[in-house]
Structure formats: C-alpha cells, structure tokens
Amino acid sequence: MPELPEVETVRRGLSQLIIGKEIKSENHDTEKGFPNAPDDVKHFLIGASIIEVRRRAKVLMIDLSTGYSLLIHLKMTGQLVFVGETRFGAGHPNDSLVNELPDKSTRVTLSFEDGSKLFFNDQRKFGWMKLLPTIEIPNISFMQKVGPEPLSSDFMPNDFIQRLARRPKTNIKAALLDQSVVAGIGNIYADESLWGAKIHPKRLVSSLTEDEMKVLYTEMRVVMNLAVEKGGSSNHTYVNAEGKKGSYMDFARVFRREGLACPRCGTTIEKLRVAGRGTHICPFCQTI
DNA sequence: CACTTGACCTGTCCGC
DNA sequence: TGCGGACAGGTCAAGT
C-alpha cells in the first residue's frame with residue numbers, strides 16, 4: 001500500500017491519537033506479525049508510554065518512554081488503526097469497522113491504559129513490526145542507504161539529478177521506485193509524477209536531459225504534496241489511523257485510469273508493464 | 001557489479 | 001456458480 005503520503009497520513013493521525021498513552025497489554029499472533037519479537041517482548045512494551053511518532057521513507061517509528069522504538073513497515077496491505085472507546089457516536093459509518101476489529105488480518109494489538117487500542121492489520125503479511133533501541137535506528141542498514149525525503153526543504157533538484165545518475169542503465173520508473181534514490185515513492189506516485197513530467201516510464205535514466213529531470217523533480221513534489229494533503233490513496237485496503245480512506249485517487253491523472261481520457265490531451269490512457277509493475281501512461285504525452 | 005525477475009501471502013476479479 | 005490464473009500500493013533474494 002502505503003507510499004510516503006499514506007504513511008505520513010498514518011503518522012499524523014497517530015500523533016494526535018496515541019502520544020502520551022501508556023501500553024497496558026500487547027498481543028501478537030504469528031512470527032509474521034512481529035518477526036523479531038523477543039520472547040519477553042511484552043516486558044519491553046507494557047508500562048511504556050508513547051512519546052513520539054516519526055516517519056522515514058515508508059517506515060513508521062513509534063518511540064517509547066523506555067528508550068525503545070517500534071518500527072513498522074506496512075508494505076502492500078498493512079494498516080495501523082486506532083480504536084478509542086468513545087471516538088465514534090452511535091450510527092457513525094465507522095462503527096462497523098470498530099466492531100470488526102480485531103479481525104483475521106490483525107497481527108498485533110496494543111491496548112492502552114484508557115481502554116483504547118492500536119491494531120496492526122496486514123492481509124498479505126508482507127508488513128512487519130520490529131522493536132529496537134531508539135538510539136540504534138540511525139545505524140540500521142535501511143537508514144544508512146535510504147535516499148532523501150522528497151518533500152524535505154533541503155532536497156534540491158541537483159541532489160535528485162546526482163542520485164538518478166547512479167542508475168544510468170535502468171528505466172526511470174525503476175529508478176523512482178528505488179528507495180535509495182529517493183525515499184517514499186511507490187507505484188502510484190511514480191506513474192503520476194512521470195505523467196506530470198511527460199516522461200515515458202521506460203526511458204533509460206541516461207537518456208533524460210537535465211531539464212527533464214528538473215521537471216520530474218518538480219512534478220514529483222507537486223504530486224506528493226497533493227497526495228499528503230488528500231490523505232493518500234485508497235485503492236483497496238489502505239486506511240488511515242482512524243480507519244478512513246484517502247481521497248487522492250479522485251485526483252489521479254493516470255493511475256488506474258486505463259481506457260479513460262488523458263486530462264491533458266484527451267488521448268486514451270494505456271496500461272503496460274514496466275519494472276514488473278502495472279504502469280499507466282498517456283501514449284501521446286509520454287513517448288519513448 | 002548492475003539490473004531484472006521471482007517469491008513472499010491472501011483476497012478479489014475476470015474469463016472460460 | 002465454479003475454477004484457474006492474473007493481479008494488487010513493496011521489498012528482498014536469487015538469477016542473468
């Protein structure tokens with residue numbers, strides 16, 4: 001699922017909902033839900049309070065008062081849904097959701113002192129939750145190799161160009177999906193950004209002009225900013241921390257719009273396969 | 001080494 | 001309505 005805008009939306013929601021709460025109990029099912037959970041994981045969690053919720057690329061970090069952090073990757077179908085005791089009124093559309101959790105996709109449940117709960121659900125079980133000392137987070141291999149945050153104010157066009165130059169012989173879509181080039185872009189926003197920049201996803205990085213890469217830099221940031229503003233995209237399973245869907249798909253220009261008209265030129269949008277992923281283009285605006 | 005492809009899982013949708 | 005196959009927002013390991 002979740003690309004940067006979705007994970008950021010979850011982060012913002014959780015910041016409002018769980019900071020300051022104390023963990024009362026923890027439950028997890030298979031090793032899939034909490035792969036490196038030590039036998040005494042409960043010892044590290046129970047009694048700890050949430051002090052911060054951070055994000056880097058598509059990884060969420062929940063910092064605890066004990067000096068440990070929970071790291072979470074939602075992969076394709078992960079959800080972090082908070083359910084408070086009195087959050088929804090009777091008849092609220094989300095009542096059903098509340099009543100359904102936990103469900104068979106629930107992998108980890110954190111229960112707080114006040115009776116509220118945080119559910120880590122993951123239908124396809126690709127996601128993970130890990131526990132490690134907060135101070136060690138910057139040293140893990142992922143943090144060492146992940147690229148810059150695309151929306152960071154100190155991420156400049158030349159940074160983007162120099163990082164793309166490290167993958168000259170691959171196509172631009174694969175390069176955008178490479179988390180060591182830029183952090184947080186996935187299939188939806190790669191397609192949307194390339195459409196915005198009028199660049200065919202199969203173009204080799206080495207074939208791009210400096211101007212094209214600068215336009216792509218700008219379009220990527222426009223797309224990501226809009227997606228964050230709209231609370232992300234919900235194709236299937238994605239929901240935010242309150243169990244609500246994002247609305248970016250209402251604004252998508254090419255993603256999942258094959259057979260429809262390109263909003264720029266009216267040509268019918270096509271779907272193809274690039275870098276092993278379903279890929280959407282306007283064949284008139286984006287040529288090889 | 002750089003790059004591409006399959007595997008990891010479950011659920012859904014589409015064509016026969 | 002049943003069944004097989006393709007596909008789904010991400011990342012690795014394995015293969016070329």
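This is a predicted model: local features need pLDDT of at least 70, side-chain atom pairs count only at pLDDT 80 or more; totals for chains, interfaces and linings use all residues.
**Exercise 1. Two helix pairs with α8**

Describe how α7 and α5 each pack on α8, giving angle, axis distance, handedness and contact residues.

Solution. Two values are needed at the start: packed helices are described by the angle between their axes and the distance between those axes.

Step 1, α7 with α8. Helix α7 (residues 187-196) packs on helix α8 (residues 210-229) at an angle of about 130°, and the axes are 8 Å apart. Therefore α7 is oblique to α8, since angles over 145 would be needed for roughly antiparallel and 65 to 115 for roughly perpendicular. The crossing of α7 with α8 is right-handed.

Step 2, the residues of this pair. From α7 come Y189, E192, S193 and G196; from α8 come L216, E219, M220, V222, V223, M224 and A227. By class, that contact has seven nonpolar, two polar and two charged residues.

Step 3, α5 with α8. Helix α5 (residues 157-164) meets α8 at an angle of about 115°, with 9 Å between the axes. This crossing, too, is right-handed.

Step 4, the residues of the second pair. P157, F160, I161 and L164 in α5 meet E210, M213, K214 and Y217 in α8. The contact of α5 with α8 contains six nonpolar and two charged residues, and no polar ones.

**Exercise 2. The surfaces near the DNA strands**

List which residues surround DNA strand B, name the closest residues around DNA strand C, and give the classes for each surface.

Solution. The residues around DNA strand B are K104, Q123, R124, K125, F126, R167, P168, K169, T170, N171, A174 and G276. They divide into three nonpolar, four polar and five charged.

Continue with strand C. DNA strand C is surrounded by 20 residues, of which G186, N187, H236, Y238 and G278 are the closest. At least two residues of this surface are supplied by each of α7 and β10 (277-281). The classes near DNA strand C are six nonpolar, nine polar and five charged.

**Exercise 3. Two backbone exceptions**

Step 1, the peptide bond. L101 and P102 are joined by a cis peptide bond, with omega about 0°. P102 belongs to the loop between α3 (95-100) and β6 (106-112).

Step 2, the phi angle. K125 is not a glycine, yet its phi is positive, about 65°. The loop that holds K125 runs between β7 (117-122) and β8 (128-133).

Step 3, the link to Exercise 3. K125 is also one of the residues that surround DNA strand B.

Key: Residues are numbered from 1 along each chain as its sequence is written. Chains are lettered from A and ligands numbered from 1 in the order in which they are written. A residue is near a molecule or strand if its C-beta atom, placed from the backbone, lies within 6 Å of it. Ala, Val, Leu, Ile, Met, Phe, Trp, Tyr, Cys and Pro count as nonpolar, Asp, Glu, Lys and Arg as charged, and the others, Gly among them, as polar. Axes are lines fitted to C-alpha atoms, for helices over the stretch in contact, and angles run from 0 to 180 degrees between N-to-C directions. Helices (H or I, at least four residues) and strands (E, at least two) are DSSP runs, numbered from the N terminus. Angles under 35 degrees count as roughly parallel, over 145 as roughly antiparallel, 65 to 115 as roughly perpendicular and the rest as oblique. A crossing is left-handed if the near helix is turned anticlockwise from the far one by less than a right angle, and right-handed if clockwise. Two residues are in contact if their C-beta atoms, placed from the backbone, lie within 7 Å.
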